[in-house]
Amino acid sequence: MTAFVLINNLSDLSRGLESPKKLVKKRLSGEKISGLFFYSKAVNELLNEARLTEWLEYSLSEEIPLYVCRNSLLKRNISGEINSAINVVGLGKLIEGVLNNKKTIVIGDL
C-alpha cells in the first residue's frame, strides 16, 4: 500500500528533536511513501539548514520525492530560499497525491 504525506506544521511536534524518518514512520504502518508535501507553516522547516539536510538525506535514502507548496512559500516571501532539490509545486500535486494513493497521512495542524 502507498501513502502520501502532507506536512502542515511541525513546530509543536518535532521541536527539532525527532528525525524526519522517526516523525513520519511512527505515523505509518509499513506503507511505502510516494511523496512528502510541505504546506503552510511546515515550509519553514526547509529553511533550517540542519533540518533541511535531515529531510534531504531521508528523502534520498528512501527514494521519496519532496514537494513544497508554491503558495505557502509566496505567502511567507521565501520562494527564492528553497533548495533546488525540492520540487516547488501547486496544490494540484497535493490533490494528485491524495487521489493516487491508498492512504494520506496529515502531520500537524493547519
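Trainee: Which residues is Trp55 in contact with, leaving aside its neighbours within four places in sequence?

Mentor: Contact means heavy atoms within 4.5 Å. In this predicted model, Trp55 is in contact with Ile7, Leu10, Pro20, Leu23, Val24, Leu36, Phe38, Glu45, Leu46 and Leu66. Residues are numbered from 1 along each chain as its sequence is written, and side-chain values use heavy atoms, without hydrogens or water. Local features need pLDDT of at least 70, side-chain atom pairs count only at pLDDT 80 or more, and totals for chains, interfaces and linings use all residues.

Trainee: How many residues has the largest nonpolar core?

Mentor: A nonpolar core is a set of buried Ala, Val, Leu, Ile, Met, Phe, Trp, Tyr and Cys residues joined through side-chain atoms within 4.5 Å. Buried means under 20% relative accessible area (1.4 Å probe, protein chains only). The largest core here has 26 residues. Ile7, Val24, Leu36, Phe38 and Trp55 have the most contacts inside it. A second, separate core has seven residues, including Tyr67 and Cys69.

Trainee: How is a pair of aromatic rings described?

Mentor: By the distance of the centres and the angle of the planes. Rings of Phe, Tyr and Trp (its six-membered ring) pair if their centres lie within 6.5 Å; planes under 30 degrees apart count as stacked, over 60 as edge-to-face and the rest as tilted. The whole structure holds five aromatic pairs. One of them joins Phe4 and Phe37: tilted, 6.4 Å centre to centre, 40° between the planes.

Trainee: Are Phe4 and Phe37 buried or exposed?

Mentor: Phe4 is buried, at 2% relative accessible area. Phe37 is buried too, at 0%. Ring pairs also link Phe4, Phe37, Tyr39 and Tyr67 into a cluster.

Notes: Buried < 20%, exposed > 50% of the residue type's maximum accessible area, 1.4 Å probe, protein only.
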